[in-house]
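This briefing covers selected aromatic contacts and strand pairings. Please consult the sequence and the model alongside the points below.

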Amino acid sequence: MERRKRRSFTPEFRAEAVRLVREGSKSLPQVAKDLDLTESALRNWVAKQTTVVSLTLQEINPAAPFENAAPVIAALSAAPGNVEPAGTVTLNATATDANPGDTRTYAWSAPSGSFAQPSSPATTWTAPASAALVPLTVTVTVTDSKGAQGRVSFNVNVNSGRGDATTNASLNTWPQVGNISASATALEVNESTTVSATASDNDGDTLGYSWAASCPGTWSNATPTLTATVSNALGASATHSFTVTGLPECASQVAPALTVGIYYTLVVRQDGTVWTWGDNRFGQLGDGTLTNRNSPGRVPGLSGVTVLSAGQYHTVALRQDGTVWTWGRNQTGELGDGTTTYRSSPVQVPAF
C-alpha cells in the first residue's frame with residue numbers, strides 16, 4: 001500500500017485554500033482534489049476560522065410620551081381663620097383643568113377635627129374640642145382623572161377666649177404647577193425617563209423645585225408616583241403628581257447578603273448587584289472566565305437580585321422580577337437550564 005507523504009503547509013497556503021471554499025465557485029471536495037489535500041484536512045482548516053458578527057438592537061415600540069396638565073386651584077377661602085374649640089370654619093375651593101374631558105375630585109384633610117363633606121369643593125370643618133398649642137394645617141387636594149394633583153395647605157388657629165385686636169393682613173398666593181411631562185411612561189429595569197415641570201407664581205416670588213418618588217433609591221422594577229413640589233419665597237407651596245408604569249410593584253430595598261461555596265464567596269449588595277471572588281475553576285464566579293480572583297469583581301449583566309444561594313461549585317440568584325439565574329458547574333444538571341454544560345456567566349432557568 002502506498003502511503004501519502006506527510007506534508008507541511010504555510011499559513012498563506014491554508015488561507016488561500018479556505019478562501020477558495022468560501023468563494024463557493026467549487027465544492028469543498030473539488031478544492032481538496034485540486035490542491036491535492038484530504039477533505040478532512042481542508043474541513044479542519046475551514047472550521048478553525050473566526051467570524052465576527054455584529055448585532056444592532058433597536059427598540060421597536062417605544063413608550064408614548066406623557067403629558068397632562070395638573071388641576072389648578074384657582075381660589076380658596078376659609079372663614080374664620082381663628083376659631084374656638086368645637087367651632088366651625090367654612091371652606092370653599094375652586095379648581096380648573098386645562099385638559100378637556102378631565103374630571104376632578106376634591107379631598108379635604110386635617111390632623112384633627114372633622115369635615116361635613118370631605119369630598120366636596122365646599123364644606124365646613126369643625127375644630128377639635130380642645131385648644132391647639134400650634135396652628136392646625138388644613139389641606140385640600142384636587143385630582144384629575146389621570147391622577148395629576150394640585151394641593152394647597154393653610155393654617156387655622158384653635159384658641160379659647162374672645163377679644164378685640166388690630167391686625168394687618170397681606171395675601172400671598174401659592175405657586176401654580178401648570179404642567180408636568182415625562183419622555184417615557186413605561187420603563188424596564190435600569191431604564192430612565194426625563195421629567196419636567198412648569199410652574200408660575202402670580203406674586204413674582206422666586207420658585208424652588210424638589211422631586212420625589214414613591215420608591216427609594218433608583219426606580220428599578222417600580223411603578224413610582226413622581227411628585228413635584230414648588231415653593232415660593234414665603235413658604236407657600238403646591239404639589240403635582242403622576243405615575244410612571246414599569247414592572248408590577250415598587251420593590252423594597254434589598255438587604256446586603258453574603259453566601260459561600262467551596263473556596264469562593266458571593267455578596268449581593270443593597271443595589272441588587274452581585275460581587276464574587278475566590279476559586280473559579282468551574283466558572284462559579286460568573287464573570288465569564290475560569291480565572292481565580294483574590295479581590296471582589298461584579299458579575300456582569302446581573303442586577304435586581306434579592307436572594308443569592310451558593311452550592312459547592314454553582315450559584316443560584318433570584319431577581320426582583322421573579323426570574324431565576326444560575327452559573328457554575330453543571331455536571332448533574334444543577335443549573336436547571338436543560339443541559340449539563342458548565343456556565344461561567346449567568347443563564348436564566350427557562351421555567352422561571
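Trp108 is buried at 6% relative accessibility, where buried means under 20% relative accessible area, exposed over 50% and partly exposed in between, with a 1.4 Å probe and protein chains only. Phe115 is also buried, with a relative accessible area of 17%. The model is predicted: local features need pLDDT of at least 70, side-chain atom pairs count only at pLDDT 80 or more, and totals for chains, interfaces and linings use all residues. Residues are numbered from 1 along each chain as its sequence is written, and side-chain values use heavy atoms, with hydrogens and water left out.

**Aromatic contacts**
- The structure holds three aromatic pairs (ring centres of Phe, Tyr or the six-membered ring of Trp within 6.5 Å; planes under 30 degrees apart are stacked, over 60 edge-to-face, the rest tilted).
- The ring centres of Trp108 and Phe115 lie 6.4 Å apart with planes at 35 degrees, so this pair is tilted.
- Phe282 and Tyr313 form an edge-to-face pair, at 4.8 Å centre to centre and 65 degrees between the planes.
- Both Phe282 and Tyr313 are buried, and together with Tyr342 they form one aromatic cluster.
- Arg329 lies over the face of Phe282, 5.3 Å from the ring centre (criterion: NZ of Lys or CZ of Arg within 6 Å of the centre and within 35 degrees of the ring normal).

**Strand pairing**
- An open sheet of four strands has the order β2-β4-β7-β6 with antiparallel pairing (strands are DSSP runs of E, at least two residues, numbered from the N terminus; two strands pair if DSSP finds at least two bridges between them).
- Within the pairing of β6 and β7, which comprises two bridges, Ser114 stands opposite Thr126.
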